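Here is a briefing on one protein model. Please keep the sequence and the structure in view while you read.

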Amino acid sequence: MKKILFLVSSFLTFLVAHSQEKLSLSYYLPQHVSYNSEIPTPESFFSWQVGEWHVSHDQLVSYLREVDRISDRMTMEIYARSYEGRPSILLTVTGASNRTNLDKIKSDHLKLSDASQSSSLDVSKMPVVVWIGASVHGNEPSGSNAMLLLTYYLAAAQGPSIDSLLNETVILVDPAFNPDGLQRFSHWANTNKSKTLMTDPSSREFNETWPGGRFNHYWFDLNRDWLYVQHPESKGRATKFQEWKPNILTDHHEMGANSTFFFQPGVQSRVHPLTPKINQELTQKIGTFHAKALDKLGSLYFTEENYDDFYYGKGSTYPDVQGCIGILFEQASSRGHAQETVNGVLSFPFTIRNQFTTMQSTLAAARSLRIDLLNFQRDFYRGVVNESKAASGYIFGNQYDKARNYEMLRILLQQKVEVYPLKNNISAEGKTFTSETSYFIPANQPQYRLVKAMFEKRTTFEDSLFYDISAFSLPLAFNMPYAEAKTASVGEKLTTISFPEGKVVGDKNVYGYVFSWDNYYAPRTVNELLKKGYQIRVATKPFTSVIEGKTQTFDYGTILIPLGLQSQSQEAILADMQAFAKRDGLDITGISTGLTPTGIDFGSSNFAVVTDPKAMLLVGIGVTATDAGEVWHLLDQRYNMPPAIVDLSYSNRVDFEKYNTIILSGGNYNGLTGNALSNLKRWIQNGGTLVAMSEAIPWAVSNGLANVKLKKIPSDSTGNKPYVFLDEYSRAQEIVGSIFQIRLDRSHPLAFGYKEETIPVFKDNTVFMEKAKNPYATPGQYTANPLLSGYISKQNLKQFSNAGSILVNSSGNGKVILFDDNPNFRAFWFGTNKLFMNALFFGRIINNTATVRTEE
């Protein structure tokens, strides 16, 4: 399809003077139909017209509830609750005959994704299922505000046209993908609105305070969470998606104010290879409906530029690997109510009208292409059967960490992937998988293409530019042992899973309790024991112990709770051990003597004291909000140890001595100046632990907090090039998100809890560190050929070979721990969370001679 770009002179003529006039529904709604007077208009419900104010999430829900109460065309359900307790709602809208038969319609529709049943279906008699969703970024509000109009239209419009539409479609209306972000942004925009609209882009109305309304409660971008579903809104939405398997899913966004309007298809050279070509052909056909509708409005638009369909974790791409058509819409944003742009004054009502118009054109396209869409879905899953015949499945499992197994299984079952427990131990690709802790995913299943996307390692690409990350391998994200296999001896298919409960085992006459640090949730147990006043030690060297007549080996990082140091009674200690073992999936072992056959004894100084991590997370202007949110979420949601979140603007007034750990999660910290910066340096010298990650490292180096040599990205000096390639070359040097391999020093406190010599890490920046001259100060180092999956330019790849990944500095009595990757990426990178937690728990026990001194 040729790129479409119409220069229509009437674009954005809805100027400020007009925007302050009384709006009417005729500006938005089709006028060739009548409307049921029993259905309240948004204006009659709110006392203001759509576009006059930014609707808050609670207002939006209240209006939809009222329309649902009155209308016989729709049913509302709550499919999730956000972290702040707001409902994620879904309206199911269809004709009267469909509503009485909805369960069968849903059942028959799901058979389209089952090749063994789909042949018997007569698609000519089936409705098409369309999911319309909006505003996954809370400060891109035109989509959610347009939902007021869509809901009213679907409930109130009268006549043969709407009757035919409802009879031939089931419409799923998801009015606000991000309830908390929409609420936060609407408050900002409305609070800063003037009676006489101010259109100056420098005005406060258009410039939110950090972190803005784009993100959810923990500052995550929910549009990156569709595949690995770590947040409640995403979990609920994935459940409903799998329950319906829609034919089209739309995702309404906004972009910069000086843009126009985008609808897919996007850049064709960046479509994921697992997406079938016909998916893009249908997307193009649907696009002709959008073009025709926007032409009538005189709106500028474009396609096949900027945006792509590669990462399956986005709302517009997640459907494409499941027999559905995902469609992204991007509307130039007014951000407030009316803003000056290069195209004139862009009004909020104008942006809403474009979104509502393309919601209508989507429904028109779905109705017109109904049989094509239904056949495509059926053929997609028939094709999966043929592809999977020659393909291998996957065995995976970690015998040392059942909690990580559980978290990975939860994601797979959430996405309706068929998984089976192994019946027997299996060796494959040099790895041993035990029946108690390993699982098999067969290739022969409807979700084969999704499974392949989740497990593949890809290093060659048609294009070198990506809108989002270029690698997202699930087993690498979990640092999970896995191997390909055609078949395996398995048990019954898993339908549900329970968190693995641990237990207290070992000797009855207890001298001390020990447990492995390998378990994902071990830090939660240790943190809460420290809060209860327990004295805790960590083994910096291995040891053995005879337990119930059998010799057992305990690795680096084993946690020791010696009873002789505790103030609690033995009965109370046992009760605590039993409670934490059950909750966190730990096997806690009672040992009757502190004398060990080999290795360190319990009274050895090589059992280091573990102290309570008192963490401060610095945030504010310049800090990457998503990086900071990942830290906050990890510590709060998973480990029950929220950090003190301190804004840079307040840092001059903070007593740093209250904390033993300060975290620079990413971005720049230029707001930390003067006394605050001096206080931070003094705090480190007095024994504090500073953890700096990714882009925070150059800032720490330039401000004298860290002593590390950074590598430079080579410039393009390969001769003259056309100017048109300038942007493409510079963007091709970015690392938007790829997976690399590092080698760990397992004896180092920062590597406690890892059994492997090498592990995968995720990197989304171009910060490269030279390894330290001190041979003990680089506990993590990239291998000679580190790329595991994803895109990286040849110039940048050279920077990685044997470079430093994790470095440790010291200044006075304190430590500076540097991670040049992102150990907490998007909450689904479980495999390196332990590295970060080790910095918090064990950073203070690192010997100063094993560091690089900042004074050097």
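F310, Y311, Y312, F461, F466, F472 and Y791 make up one aromatic cluster. Rings of Phe, Tyr and Trp (its six-membered ring) pair if their centres lie within 6.5 Å; planes under 30 degrees apart count as stacked, over 60 as edge-to-face and the rest as tilted. The model is predicted: local features need pLDDT of at least 70, side-chain atom pairs count only at pLDDT 80 or more, and totals for chains, interfaces and linings use all residues. Residues are numbered from 1 along each chain as its sequence is written, and side-chain values use heavy atoms, with hydrogens and water left out.

**Aromatic pairs**

- The rule gives 61 aromatic pairs.
- F380 and Y381 have ring centres 4.9 Å apart and planes at 75°, so this pair is edge-to-face.
- F380 and Y381 are both buried (under 20% relative accessible area, with exposed over 50% and partly exposed in between; 1.4 Å probe, protein chains only).
- F828 and W829 have ring centres 6.1 Å apart and planes at 55°, so this pair is tilted.
- F828 and W829 are also both buried.

**Nonpolar cores**

- A nonpolar core is a set of buried Ala, Val, Leu, Ile, Met, Phe, Trp, Tyr and Cys residues joined through side-chain atoms within 4.5 Å.
- The largest core holds 169 residues; F396, L412, V419 and F836 touch the most other members.
- Helix 23 (residues 833-842) gives the most to this core, with 7 residues.
- Helices (H or I, at least four residues) and strands (E, at least two) are DSSP runs, numbered from the N terminus.
- Leaving out residues up to four places away in sequence, F836 is in contact (heavy atoms within 4.5 Å) with V631, L634, L635, I663, V691, M693, F819, P823 and N824.
- Another core lies apart from it, with 73 residues, among them Y27, I248, F263 and A332.

- An open sheet has 4 strands in the order 13-16-12-17, with antiparallel pairing (two strands pair if DSSP finds at least two bridges between them).
- Strand 13 (420-421) and strand 17 (482-485) are at the edges with a single partner strand each, so one side of each has no neighbour in the sheet.
- Strand 13 is joined to strand 16 (residues 439-441) by 2 bridges; P421 has Y439 as its bridge partner.
- Helix 14 (residues 448-455) packs on the sheet and touches strand 12 (393-396), strand 16 and strand 17.
- The direction of helix 14 makes about 50° with that of strand 12 (axes are lines fitted to C-alpha atoms, for helices over the stretch in contact; angles run from 0 to 180 degrees between N-to-C directions).
- Strand 12 is covered on both faces: G393 and I395 are buried on one side, Y394 and F396 on the other.
- Strand 12 pairs with strand 17 over 4 bridges and with strand 16 over 3 bridges.
- Y394 has E484 as its bridge partner in strand 17 and stands opposite I441 in strand 16.

- A second open sheet has 6 strands in the order 18-24-19-23-20-25, with mixed pairing.
- Strand 18 (503-506) and strand 25 (607-609) are the edge strands, each pairing on one side only.
- Neighbouring strands here are turned by 30° against each other on average, direction ignored.
- Strand 20 (residues 537-539) and strand 25 run antiparallel, joined by 3 bridges; V538 has A608 as its bridge partner.
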